[in-house]
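This report goes through one protein model part by part. Please keep the sequence and the 3D view open while reading.

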Amino acid sequence: MTKCAFIGLGVMGYPMAGHLQRQGYATTVYNRTAAKAVQWVDQYGGNAAKTPREAVAGADVVMVCVGNDDDVRSVFYGDDGLLASLAENTVVIDHTTASAELARELSEQVHQRVALFLDAPVSGGQQGAENGVLTAMVGGDEKAFNDVQPVLASYCKTQEFMGPAGHGQLAKMVNQICIAGVVQGLAEGLQLARKVGLDADTLIRAISQGAAGSWQMQNRYQSMWDNHYDHGFAVDWMRKDLKIALQEGERNGLSMPLTALVDQFYAEVQQMGGARWDTSSLLARLERNT
């Protein structure tokens, strides 16, 4: 039986690790708040560890899904970090949305221990994690990617190998840039529709099957129209991701004015008290300003 370790039981990691255990992979979890790990074991079985080092001991595949670059480093390094007990030929998969720079750093550290590293940020949000239909954008060792595809399939509907270490994170940056622009356009369109008295359902039926259509339109227009923003990917996390993308653009000498502008719009949403609202709350900002 393939033994897995899963580090980080947030809104994404908790159900992802659950899918692993349900698919028959013997899974040991670690979470900074130990009570969450105990709750997970009560729900799914498996085991809980007191440290990342303890969690990965004897594991064939290690998954990490935490908040940001600093959080990732905190579970990799130090006496209790996962690198301290990492065995040869173990595959380490970082699902955290982080910087490409960090992915390259961790790849080197893991390779020094004769193990393999994949940066594999995911898209699909909490609902995708709970339903096991995430998309993984993967960088790193291609053979390792091929070997762990059945494991990733426990919670991923789509897996794409993007290239060497860091390329999974670069692909996720592009993903977030595209989402930001689409949601702002949808928010402005819905604001105009409401102002001029269009029926939302009729409007979306008319335009969603053509060039204007998008996942955001199909899945978020109704909740946006109803001013419901208590689901989906939080504004705080989107701002973290856009900061990473903007920094990468600057590092490459690129101008990304739309991304920078929407990032500032999200900052205004935070100031409105919407830090935990989902990303479609850009409409709430527009309506406050009219």
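How many residues does helix H8 have, and how far does it reach from its first C-alpha to its last?

## Basis of the model

The model is predicted, so local features need pLDDT of at least 70 and side-chain atom pairs count only at pLDDT 80 or more, while totals for chains, interfaces and linings use all residues. Residues are numbered from 1 along each chain as its sequence is written, and side-chain values use heavy atoms, with hydrogens and water left out.

## Helix H8

Helix H8 covers residues 167-196, which is 30 residues, and spans 44 Å between its first and last C-alpha atoms. This is close to the 44 Å expected at 1.5 Å a residue; the expected span is 1.5 Å times one less than the number of residues. Helices (H or I, at least four residues) and strands (E, at least two) are DSSP runs, numbered from the N terminus. After H8 comes Gly197, with a positive phi near 90°.

Arg194 lies in H8 and Glu287 in helix H13 (residues 282-288). The two form a salt bridge, and their closest N and O atoms are 2.7 Å apart. A salt bridge here is a side-chain nitrogen of Lys or Arg within 4 Å of a carboxyl oxygen of Asp or Glu. Because the partners sit in H8 and H13, the pair Arg194 and Glu287 ties together parts that are 93 residues apart in sequence. Arg194 is partly exposed at 31% relative accessibility, and Glu287 is partly exposed at 25%. The terms are set by relative accessible area: buried is under 20%, exposed is over 50%, and partly exposed is in between (1.4 Å probe, protein chains only).

## The second largest pocket

The second largest pocket has a volume of about 180 Å³. Pockets are found on a 1 Å grid over the protein atoms alone: a pocket is an open set of points with protein on both sides within 12 Å along at least five of seven lines, and lining residues have an atom within 4 Å of a point. Grid points are joined across faces, edges and corners, and the volume is the space filled by probe spheres set on the points.

Which residues lie nearest the centre of this pocket? They are Asp69, Ser99, Ile244, Gln247 and Arg251, out of 13 lining residues. Helices H5 (100-112) and H11 (235-251) each supply at least two residues of the lining, and H11 gives the largest share, six residues. By class, the lining has three nonpolar, four polar and six charged residues. Ala, Val, Leu, Ile, Met, Phe, Trp, Tyr, Cys and Pro count as nonpolar, Asp, Glu, Lys and Arg as charged, and the others, Gly among them, as polar.

## Other salt bridges

The structure holds ten salt bridges. In one of them, Glu101 pairs with Arg251, the closest N and O atoms being 4.0 Å apart. Glu101 lies in H5 and Arg251 in H11, so this pair ties together parts that are 150 residues apart in sequence. Arg251 counts as partly exposed, at 47% relative accessibility. Glu101, Glu248 and Arg251 are linked in a network of salt bridges.

Asp241 and Lys240 also form a salt bridge, with N to O at 3.0 Å. Are these two residues buried or exposed? Asp241 and Lys240 are both buried.

## Aromatic pairs

There are four aromatic pairs. Rings of Phe, Tyr and Trp (its six-membered ring) pair if their centres lie within 6.5 Å; planes under 30 degrees apart count as stacked, over 60 as edge-to-face and the rest as tilted. The ring centres of Phe145 and Phe161 are 5.5 Å apart and their planes are at 35°, so the pair is tilted. Phe145 is in helix H7 (residues 142-152) and Phe161 in strand S9 (residues 156-163), so the pair ties together parts that are 16 residues apart in sequence. Phe145 is buried at 5% relative accessibility, whereas Phe161 is partly exposed at 24%.

Tyr14, Trp40 and Tyr44 form one aromatic cluster.

## Two loop residues

Asn89 is found in the loop between helix H4 (69-76) and strand S5 (91-94). Its phi is positive, near 70°, in a residue other than glycine. Asn89 is exposed, at 57% relative accessibility.

Asn227 is found in the loop between helix H10 (215-225) and H11. Phi of Asn227 is also positive, near 60°, and Asn227 counts as partly exposed at 40% relative accessibility.

Note on methods. On a 1 Å grid over the protein atoms alone, a cavity is a set of points where a 1.4 Å probe fits but cannot get out, and a pocket is an open set with protein on both sides within 12 Å along at least five of seven lines; lining residues have an atom within 4 Å of a point.
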